[in-house]
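I list what I looked up, entry by entry.

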Amino acid sequence: MGTHVQIPLRRIVITGVGAISPFGQGVESLLTGIRDGRSAVVDLSAEWSNKIPALTCLVGAPLPEPLDPKQIERKFRRSMGPTAMMAALAAREAFNQAGLEGETLASGRVGVSFASTTGSTASLEQSFLHYFQKNFTESLGSSAFFQIMSHTCAANLAHFFGIRGRVVSPDSACASAAQAIGLGFEAIRYGLQDAMLCGGADELHAVVTGCFDLVHASSCRYNDHPDRTPRPFDAGRDGTVCGEGAGALVLESEASARARGARILAEVAGFDTVADGGHLAQPLSDSITRCLHNALDNAGVLPEGIGYVNAHGTGTVLGDAAESQAVVDVFGPQRVAMSSLKGHIGHTLGASAALETIVSLDMLTHGYLAPTRNLTEVAADCVGPDHVTTLRYQRFDAFVKNCFAFGGINTVLVVKRYEDA
Amino acid sequence: MLEQEDADRVKRVLMEEFELEEDVLRPQASLYTDMGLDSLDSVDLVVALEREFKFKVVRAVDEERIRAIRTLEDLYGFIETKRREAQANPGA
């Protein structure tokens, strides 16, 4: 006889969302920008050419205006770089919607799973300026490290809200938010926590776009027409465009949400993350396929139960082709509607999976499919999925959120309409 | 005793660096309980005062002195001491 104990799995629901995006502060501005089909990509050549003269991508999707830092009390703000500050403001919106506060957050039954690519590139730049001027420890503020450390979002959020449960920071570049949501989902599913503040954030900086430049993954042919790039799945795509922001989701056990009488937005049904184990920068469709199958199995949902795929779709030549192939392998040709939101808001990196899940939730709730902006001619190597190129009014009951990252990290979330058992 | 003009400079540093209102900056006010500063803030305060008054804090010498500072008046005294030392030993 073994001693194996079967732990009953709990259902996980979303009860709050918050966003800081290239369309501005708040979920509503993000949704409005997407519904209106606008582009948040702008010309940044004046600022960036000075910083990195050799930079080829001179467009990006920054916040439309700087955040007012006074929204966060100095005591909390001093340890936050722009990334953590965006995370805090998005999280506050999410908690407000969820109605979670005070003693509940401090109960130890609420945790944080929040990540970013780096702590803060701007703060890192400042620190190295001091370092190269050889006055690092003399003139740099005491909180520089707290702004730069890789778990700056998770740690600052716990401090800001007085959260005393588990605090984890699965920093995995562009998959940061997806892994964070996934780990939060698992923590609740296995009864370790009752609610988790999940999401991701990242800030835009010339150095960040420069890193994409280095591997020829950034868009460089549309500097004179920022609103025409990135072009996910399009024949004319030439790379991605970096953006910035933060997306926050409150995940909660169904029992906790119902006991509080919270409004349930949707159910997170499944999650998986796998590694390519083959290449750090070259996506493998087989690996994405495996991740999709695993996540659907984990959710107990068949491929035909999925009505929409919110693609990673960054607009890179290799990535979009691999993702299209994987989606066809799993769902069949022309069987599932798919679009990427990066034509609207660029690639918000560590925030992307959270922001794009929030928009997908809106589509699920209101029965529409946002198109892939800038997709005018589907590339030969991206043919297969039912690409959404114009706004559709179409009800569906479940969607898949794909998210991949440098390092060969693949991540898939399965979200469905919430229904009582 | 620190001159009024210099005391005002200290207050300005406190207001700018820590977003404090002027009415809290009484000589007897505690940096910690009244102004809400903490150990990290005291590090940043020293850096800001070094910049403002162009003196150099030497950890080995000044750490105990800084730790003893409780009130704004104590802080004035510390700055006066640093200034006196600098005048007595201008090359340091």
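At what angle do helix 3 of chain B and helix 4 (residues 72-88) of chain B pack, and how far apart are their axes? I note first that the model is predicted. I read an angle of about 155° for this pair, with the axes 9 Å apart. Since angles over 145 degrees count as roughly antiparallel, I put helix 3 of chain B down as roughly antiparallel to helix 4 of chain B. I then listed the residues in contact: B:Asp62, B:Arg65, B:Ile66 and B:Ala68 come from helix 3 of chain B, and B:Asp74, B:Phe78, B:Thr81, B:Lys82 and B:Glu85 from helix 4 of chain B. By class I have 5 charged, 3 nonpolar and 1 polar for this contact.

I looked up B:Lys54 for its backbone. Its phi is positive, about 55°, although the residue is not a glycine. I place B:Lys54 in the loop that runs between helix 2 (39-53) and helix 3 (59-68) of chain B. Is B:Lys54 buried or exposed? I have it as exposed, at a relative accessible area of 70%.

B:Asp6 sits in helix 1 (residues 4-18) of chain B. Its relative accessible area is 8%, so I count B:Asp6 as buried. Setting aside neighbours within four places in sequence, I find B:Asp6 in contact with B:Phe53 and B:Arg83.

**Chain A, helix 1 against helix 16**

Next I took a helix pair in chain A. Helix 1 (residues 27-35) and helix 16 (residues 352-366) of chain A pack at about 70°, and their axes are 10 Å apart. Helix 1 of chain A supplies A:Val27, A:Leu30, A:Leu31, A:Ile34 and A:Arg35 to the contact, and helix 16 of chain A supplies A:Leu355, A:Ile358, A:Val359 and A:Asp362. I count 7 nonpolar and 2 charged residues in this contact, with no polar ones.

**Chain A, the nonpolar cores**

Which residues touch the most other members of the largest nonpolar core? I get A:Leu30, A:Leu249 and A:Leu251, out of 61 residues in that core. Helix 16 of chain A gives the largest share of this core, 8 residues. Beyond four places in sequence, I list A:Ala19, A:Ser21, A:Phe23, A:Ile345, A:Leu355, A:Ile358 and A:Val359 as the contacts of A:Leu30. I also found another core of 35 residues, apart from the largest one, with A:Ile72, A:Phe160, A:Ala195 and A:Ala248 among its members.

I then checked A:Val17, which lies in strand 1 (residues 12-21) of chain A. At 9% relative accessibility, A:Val17 counts as buried. Beyond four places in sequence, its contacts include A:Val27, A:Ala94, A:Ala248, A:Leu249, A:Leu265 and A:Ile358. One of these, A:Leu265, is 248 residues away in sequence, yet its C-alpha is 9.1 Å from that of A:Val17.

I looked at the span of helix 4 (residues 82-98) of chain A. Its 17 residues reach 24 Å from first C-alpha to last, close to the 24 Å expected at 1.5 Å a residue. Of the 17 residues, 12 are buried, so I describe helix 4 of chain A as largely enclosed by the rest of the structure. Among the buried ones I noted A:Met85, A:Met86, A:Leu89, A:Ala94 and A:Phe95. A:Gly99 follows helix 4 of chain A, and its phi is positive, near 75°.

A:His216 follows helix 11 of chain A and has a positive phi, near 55°.

**Chain A, backbone exceptions**

Most residues other than glycine have a negative phi, and most peptide bonds are trans. Where did I find a cis bond? The bond from A:Thr229 to A:Pro230 is cis, with omega near 0°. I place A:Pro230 in the loop between helix 11 (206-214) and strand 8 (245-253) of chain A.

A:Asn374 is not a glycine, yet I read a positive phi of about 75° for it. A:Asn374 belongs to the loop between strand 12 (368-369) and strand 13 (386-387) of chain A. With 12% relative accessibility, I have A:Asn374 as buried.

Key: Residues are numbered from 1 along each chain as its sequence is written. Chains are lettered from A and ligands numbered from 1 in the order in which they are written. This is a predicted model: local features need pLDDT of at least 70, side-chain atom pairs count only at pLDDT 80 or more; totals for chains, interfaces and linings use all residues. Side-chain values use heavy atoms; hydrogens and water are left out. Helices (H or I, at least four residues) and strands (E, at least two) are DSSP runs, numbered from the N terminus. Buried means under 20% relative accessible area, exposed over 50%, partly exposed in between (1.4 Å probe, protein chains only). Axes are lines fitted to C-alpha atoms, for helices over the stretch in contact, and angles run from 0 to 180 degrees between N-to-C directions. Contact means heavy atoms within 4.5 Å. Ala, Val, Leu, Ile, Met, Phe, Trp, Tyr, Cys and Pro count as nonpolar, Asp, Glu, Lys and Arg as charged, and the others, Gly among them, as polar. The expected span of a helix is 1.5 Å times one less than its number of residues. A nonpolar core is a set of buried Ala, Val, Leu, Ile, Met, Phe, Trp, Tyr and Cys residues joined through side-chain atoms within 4.5 Å. Angles under 35 degrees count as roughly parallel, over 145 as roughly antiparallel, 65 to 115 as roughly perpendicular and the rest as oblique.
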